[in-house]
Amino acid sequence: MLSTERGIMTGSDYYVYTPSTQAKNLFLYPINMGLFRYQPGYSLHRNAYDSFLIMFMRKGECQVETGGRTFYAHADQVVLLNCYEPHAYWTSKGWEAEWLHFDGSAAPGYYDAILAGGSPVITLRDTYRLEKYLHKIYLQFKERISVKEALLNNYIVNILTELLVNKDMEHSENISSSIIEDTIAYINDHLTDPLTLKDLSDQASLSPFYFSRLFKKESGFSPHEYVIAARVNNAKFLLKSSDTSIKDICYSTGFASESSFCTTFKKVTGTTPSEYRFSIRS
């Protein structure tokens, strides 16, 4: 059906579905869905609309209000709303979105798991799968394809799974960052220890191979490169701020011998420790 709602551009369409009793008891099911182009100045405020809303932002931008807070959404982001609660969305520039109102006994659990009290505006690394299943639901009704409620349930589950996986990936990345931050703190506290790859990977409770890849991704250094950089930076500080002998600085920063210290220091800085100390003080 073509929309006649004020602020919705001509050609925007939507479809309404009444689920069976079986679908209400067993499945996640669509209530209505559509593809709308919203004009600048469009605004909608509702106390409730008994459903949950997934809206994929194709173009433009809008503001979303829920739980007394306002959020901004733009192209390629996903908006997930609990429409049982008061909510609003509006735009000063216009936007285009494919959207789905859905419900089902499992819907509140999915909603809570995906948002966990966070923003209803979600950024996916790759929107392909979500767009595919959302559009499949839309086409089921636009092209008057025979409705199979179990299949519609599957499409909705796949969409929500994409959002859940995105959350898990973000959580995993946060854990990864925390692991590397802890490892870097450990390195700086144990510069005089051997600090082999096995030592550091054991500290992080990861395999040496995976630890090396993760450390490089998060820090930009291999573990060995970072240890060397940390030791040289500590040596530079001591050379600049103290009269400690080069030999003592060598051992206090974790180098095995004075010759290896001098060789490594020059390789990293382009000068010997003595030249560095003199250049700083002259």
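Me: How are two packed helices described?

Reply: Two packed helices are described by the angle between their axes and by the distance between those axes. In this predicted model, helix H5 (197-204) and helix H6 (residues 208-219) pack at an angle of about 85°, with their axes 9 Å apart, and H5 and H6 are therefore roughly perpendicular to each other.

Me: Which residues make the contact of H5 with H6, and how do they divide into nonpolar, polar and charged?

Reply: From H5 come Leu 197, Leu 200, Ser 201 and Ala 204, and these meet Pro 208, Phe 211 and Ser 212 of H6. By class, five of the contact residues are nonpolar and two are polar, with no charged residue.

Me: At what angle do H6 and H7 pack?

Reply: H6 and H7 pack at an angle of about 55°, and their axes are 9 Å apart, so that H6 and H7 are oblique to each other. On the H6 side the contact uses Phe 211, Ser 212, Phe 215 and Lys 216, while H7 supplies Pro 223, Glu 225 and Tyr 226; four of these residues are nonpolar, one is polar and two are charged.

Me: At what angle do the axes of H7 and H9 cross?

Reply: The axes of helix H7 (residues 223-241) and helix H9 (residues 258-269) cross at roughly 95° and come within 10 Å, which makes H7 roughly perpendicular to H9. Ile 228, Val 232, Ala 235, Lys 236 and Leu 239 of H7 meet Phe 261, Thr 264, Phe 265, Val 268 and Thr 269 of H9, and the residues of this contact comprise seven nonpolar, two polar and one charged.

Me: Where do nonpolar side chains tend to be in soluble globular proteins?

Reply: In soluble globular proteins, nonpolar side chains tend to be buried together. In this model the largest nonpolar core has 30 residues, of which Val 78, Leu 80, Phe 102, Ile 122, Ile 137, Leu 160 and Leu 163 touch the most other members. At least two residues of this core come from each of strand S2 (29-38), strand S4 (52-66), strand S6 (77-82), strand S8 (95-103), helix H2 (107-115), helix H3 (128-142) and helix H4 (149-189). There is also a second, separate core of 20 residues, which includes Met 55, Cys 62, Phe 71 and Val 121.

Me: Which residues is Leu 80 in contact with, leaving aside its neighbours within four places in sequence?

Reply: With those neighbours set aside, Leu 80 is in contact with Leu 53, Ile 54, Phe 102, Tyr 111, Ile 114, Leu 115, Pro 120, Ile 122 and Leu 163.

Me: Which residues of H2 are buried, and why can they be said to line one face of the helix?

Reply: The buried residues in H2 are Ala 107, Tyr 111, Ile 114 and Leu 115. Seen down the axis of H2, these buried residues fall within an arc of 80°, and so they line one face of the helix. After H2 comes Ala 116, whose phi is positive, near 45°.

Me: Is Ile 187 buried or exposed, and which residues does it touch?

Reply: Ile 187, whose place is in helix H4, counts as buried because its relative accessibility is 0%. Not counting residues up to four places away in sequence, Ile 187 touches Leu 195, Leu 200, Phe 215, Tyr 226, Val 227 and Ala 230. Ile 187 and Val 227 are 40 residues apart in sequence, and their C-alpha atoms are 6.9 Å apart in space.

Me: What is the phi of Leu 195, and where does this residue lie?

Reply: Phi of Leu 195 is near 55°, a positive value in a residue other than glycine. Leu 195 lies in the loop between H4 and H5, and at 8% relative accessibility Leu 195 counts as buried.

Me: What is the phi of Asp 76?

Reply: Asp 76 is likewise a residue other than glycine with a positive phi, near 75°, and it lies in the loop between strand S5 (69-74) and S6. At 44% relative accessibility, Asp 76 counts as partly exposed. Thr 127, which has its place in the loop between strand S9 (121-123) and H3, is in contact with Asp 76 and Phe 56, leaving aside its neighbours within four places in sequence, and Thr 127 counts as buried at 12% relative accessibility.

Definitions and conventions:
Residues are numbered from 1 along each chain as its sequence is written. This is a predicted model: local features need pLDDT of at least 70, side-chain atom pairs count only at pLDDT 80 or more; totals for chains, interfaces and linings use all residues. Side-chain values use heavy atoms; hydrogens and water are left out. Axes are lines fitted to C-alpha atoms, for helices over the stretch in contact, and angles run from 0 to 180 degrees between N-to-C directions. Helices (H or I, at least four residues) and strands (E, at least two) are DSSP runs, numbered from the N terminus. Angles under 35 degrees count as roughly parallel, over 145 as roughly antiparallel, 65 to 115 as roughly perpendicular and the rest as oblique. Contact means heavy atoms within 4.5 Å. Ala, Val, Leu, Ile, Met, Phe, Trp, Tyr, Cys and Pro count as nonpolar, Asp, Glu, Lys and Arg as charged, and the others, Gly among them, as polar. A nonpolar core is a set of buried Ala, Val, Leu, Ile, Met, Phe, Trp, Tyr and Cys residues joined through side-chain atoms within 4.5 Å. Buried means under 20% relative accessible area, exposed over 50%, partly exposed in between (1.4 Å probe, protein chains only). The arc is that of the directions from the helix axis to the C-beta atoms.
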